[in-house]
Amino acid sequence: MVAELRKTNTSLYETDYNLWVLETVAKLKSRDLDGLDWDNLIEEVEDLSRRDKKKLKSLLRLLCEHLLKLTYWQSELQRNEGHWRREIRNFRKQINEELESSPSLRNYLSDIFDKCYRDGRELAADQSELPLSIFPEHPIATLEQILDEDWLP
């Protein structure tokens, strides 16, 4: 079956992604440019950026949520403060690691910051069961502060 799949890269891509990746890497290493499945390779390379952006968006949303819970969910503060602080530190570290390897994504974070804050606000309200109005409509800090590992509200 593998021999049959190898006859056409496209069907290999659709039926055994891992084998397609391994074969694509082998072809790149051997400089077999004519044997490459260019359409799917281009799509995969483009998708790398989308994955990084999706990850950053999720992390920033969660970071905002936890900062809001730490600041406004007073009835659970004593019980959850350590957990929330750890999550805040963890999300910041992951975001900053992504930005170290791809500094150009900082502009993307600036573009999505307000949306991520709004999403984080809704998530904090949902989990805490506090009224949404408890959480400020506008970000409680700048993006730079939110990402600063030494800043807490």
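This is a predicted model: local features need pLDDT of at least 70, side-chain atom pairs count only at pLDDT 80 or more; totals for chains, interfaces and linings use all residues.
## Aromatic rings and salt bridges

Because Y17 and W20 lie 3 residues apart in helix 3, about one helical turn separates them. The rings of Y17 and W20 form an aromatic pair of the stacked kind, with 5.9 Å from centre to centre and 25 degrees between the planes.

A pair of aromatic rings is described by the distance of the centres and the angle of the planes. Among the 5 aromatic pairs counted in the structure, Y13 and W20 form one that is edge-to-face, at 4.7 Å centre to centre and with 80 degrees between the planes. From W20 to H138 the separation is 118 residues in sequence and 46 Å in space, taken from C-alpha to C-alpha.

Another tryptophan, W38, has its place in helix 4, which spans residues 38–72. Its relative accessibility is 42%, so W38 counts as partly exposed. Together with L28, L33 and I42, W38 forms a nonpolar patch on the surface, and the accessible area of these residues together is about 370 Å².

Charged side chains give a further way through the model, which holds 11 salt bridges. One of them joins D47 and R50, whose closest N and O atoms are 3.4 Å apart; because these residues are 3 residues apart in helix 4, they are separated by about one helical turn. Both D47, with a relative accessible area of 22%, and R50, at 45% relative accessibility, count as partly exposed.

Helix 4 also contains K69 and E65, which are 4 residues apart and so again separated by about one helical turn. Their side chains meet in a salt bridge, with 3.2 Å from N to O, and here K69 and E65 are both buried. Salt bridges that share partners also join E44, D47, R50 and R51 into one network. A further salt bridge is formed by E87 with R86, the closest N and O atoms being 3.0 Å apart, and E87 is buried, with a relative accessible area of 13%.

How values were computed. Residues are numbered from 1 along each chain as its sequence is written. Side-chain values use heavy atoms; hydrogens and water are left out. Patches are made of residues with over 30% relative accessible area and no salt bridge: like charges are joined within 9 Å, nonpolar side chains (Val, Leu, Ile, Met, Phe, Trp, Tyr) within 5 Å. Accessible areas come from the Shrake-Rupley method with a 1.4 Å probe; for residues, only the protein chains shown count as cover. A salt bridge is a side-chain nitrogen of Lys or Arg within 4 Å of a carboxyl oxygen of Asp or Glu. Helices (H or I, at least four residues) and strands (E, at least two) are DSSP runs, numbered from the N terminus. Buried means under 20% relative accessible area, exposed over 50%, partly exposed in between (1.4 Å probe, protein chains only). Rings of Phe, Tyr and Trp (its six-membered ring) pair if their centres lie within 6.5 Å; planes under 30 degrees apart count as stacked, over 60 as edge-to-face and the rest as tilted.
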